[in-house]
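Hi,

Here is the structure I promised to pass on to you. Have a look at it first, and then read on for what turned up in it.

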Amino acid sequence: MTSAPPPTQAQAAAPAPLAVQDIAVRLGGELILDGVTLDVQRGEFLALIGPSGGGKSTLLRVLAGLLKPERGTVHIATPPALVFQDYRLLPWRTALRNVQLPADLGTGGGLAPGEALKMVGMEAYGPYFPAQLSGGMRARVALARALAQSGDVLLLDEPFAALDALVRERFNAELRHLHEKTGRTTVLVTHSIREAVWLADRVAVLRGGRIVELLDTRGEGRVSAYTDGLEAHLRAVLGTGDSTRLRLDSVRARSRAWVLPVAAVALALALWAWGRTP
Ligand SMILES: Nc1ncnc2c1ncn2[C@@H]1O[C@H](COP(=O)(O)OP(=O)(O)OP(=O)(O)O)[C@@H](O)[C@H]1O
Ligand SMILES: [Mg+2]
């Protein structure tokens, strides 16, 4: 973002905190990522967009060091903090104790838990359990937990997907503010083209297992003729069709799912009839 402090000379010369080169990932026998090359610069805000099922979460897991590609190289300077698509808060822990989790697991070292909760405006809700919090509040707690982790890279997997439009707009503004304040290198997965253009310095489009576009968005943080043009371009790249992609083997498996129960009933009937024959 333009208002984030410019990198010092030493920072600019430092290698990218995250880089992947020509990686391939296969899941369930299918190539999900194939030939992805991407680096994220220190302090940068990069948005990752693409069709559903296109491999965004998979790429984020590689960048977090949670998934090893079958091909290619991965460079991760320090272990990043990842906010999962479904938050993954522990239901038996209060908000504060969820944020304390990294420290308990030995991966703390970021903000102090109380401070992290305050940073996301949740300091009054530390004693509440996840089930007592709204979706937006849970998203904030998940963000606070990531801020309590060590390292200066934040990976966010659609953290605001479940929020309504108004809350989401406010969260986006807060996320920008947070990025400006902490200067953490950030990768955000989002389905919203506008959000990506508005928030990020660069937007990467992941489609068909590879990065098909890498756009410099200047991170202007406002809607302008320039961002309008970028949005239109990204819409053209992504198309308007339904982007859901089901794995065929699971569909096939489901379409054959009736065979076993029907066979079991037929067998039971046959045995019953056989038992009745004198
Ligand atoms: N553990 C797994 N085993 C087999 N296939 C998987 C596994 N995890 C993900 N996939 C498949 O990999 C593909 C990419 O999944 P991924 O979750 O990375 O997509 P995505 O771009 O994040 O989608 P969305 O926008 O819906 O979150 C999907 O087709 C999915 O079914
Ligand atoms: Mg995903």
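Let me begin with strand β6: Val153, Leu155 and Asp157 point one way from it, Leu154 and Leu156 point the other way, and all of them are buried. The strand spans residues 153-157 and is mostly covered, with five of its five residues buried. Please keep in mind that this is a predicted model.

What flanks β6? On one side of the pairing list is strand β5 (residues 81-83), which runs parallel to β6 and is joined to it by three bridges. Leu82 stands opposite Leu155 there. Strand β7 (residues 185-189) also runs parallel to β6, and five bridges join the two. In that pair, Leu154 has Thr186 of β7 opposite it. To get from β6 to β7 the chain passes through helix α6 (residues 165-182), and this β-α-β crossover is right-handed.

Next, the sheet with antiparallel pairing. Three strands make up this open sheet, in the order β2-β1-β4. Its edge strands are β2 and β4 (71-76), each of which pairs on one side only. On average, neighbouring strands of the sheet are turned by 25° against each other, direction ignored.

Within this sheet, strand β1 (residues 18-27) and strand β2 (residues 30-40) pair antiparallel over eight bridges, and Ala19 stands opposite Asp39 in β2. The two strands form a hairpin with two residues between them, and Gly28 in the turn has a positive phi of about 55°. Towards β4, β1 is joined by five bridges, again antiparallel. Ala24 has Arg71 in β4 as its bridge partner. Helix α2 lies across β1, β2 and β4 and runs at about 125° to β1.

Both Gly28 and α2 come up again at the ligand. Ligand 1 has 14 residues around it, and those that come nearest are Gly28, Ser52, Lys56, Ser57 and Thr58. So which element gives the largest share of the shell around ligand 1? That is helix α2 (residues 56-63), with three residues. By type, the shell divides into nine polar, three charged and two nonpolar residues.

One more helix deserves a look. In α3 (residues 95-105), the buried residues include Ala95, Asn98 and Val99, along with Gln100 and Pro102. Among the elements that cover the buried residues of α3 are α4 (113-119) and α5 (135-147). Just after α3 comes Gly106, with a positive phi of about 85°.

Finally, the chain as a whole. There are ten helices and nine strands in it. Of its 278 residues, 34% count as buried. Taking contacts in the chain between residues at least 6 apart in sequence, 71% join residues at least 24 apart.

Do write back with any questions once you have had time to look around.

Best wishes

Technical notes. Residues are numbered from 1 along each chain as its sequence is written. Chains are lettered from A and ligands numbered from 1 in the order in which they are written. This is a predicted model: local features need pLDDT of at least 70, side-chain atom pairs count only at pLDDT 80 or more; totals for chains, interfaces and linings use all residues. A residue is buried if 20 or more other C-beta atoms lie within 10 Å of its own, exposed if 12 or fewer, and partly exposed in between; C-beta atoms are placed from the backbone. Helices (H or I, at least four residues) and strands (E, at least two) are DSSP runs, numbered from the N terminus. Two strands pair if DSSP finds at least two bridges between them. A crossover is right-handed if, with the strands pointing away from the viewer, the path from the first strand over the helix to the second runs clockwise. Two residues are in contact if their C-beta atoms, placed from the backbone, lie within 7 Å. A residue is near a molecule or strand if its C-beta atom, placed from the backbone, lies within 6 Å of it. Ala, Val, Leu, Ile, Met, Phe, Trp, Tyr, Cys and Pro count as nonpolar, Asp, Glu, Lys and Arg as charged, and the others, Gly among them, as polar. Axes are lines fitted to C-alpha atoms, for helices over the stretch in contact, and angles run from 0 to 180 degrees between N-to-C directions.
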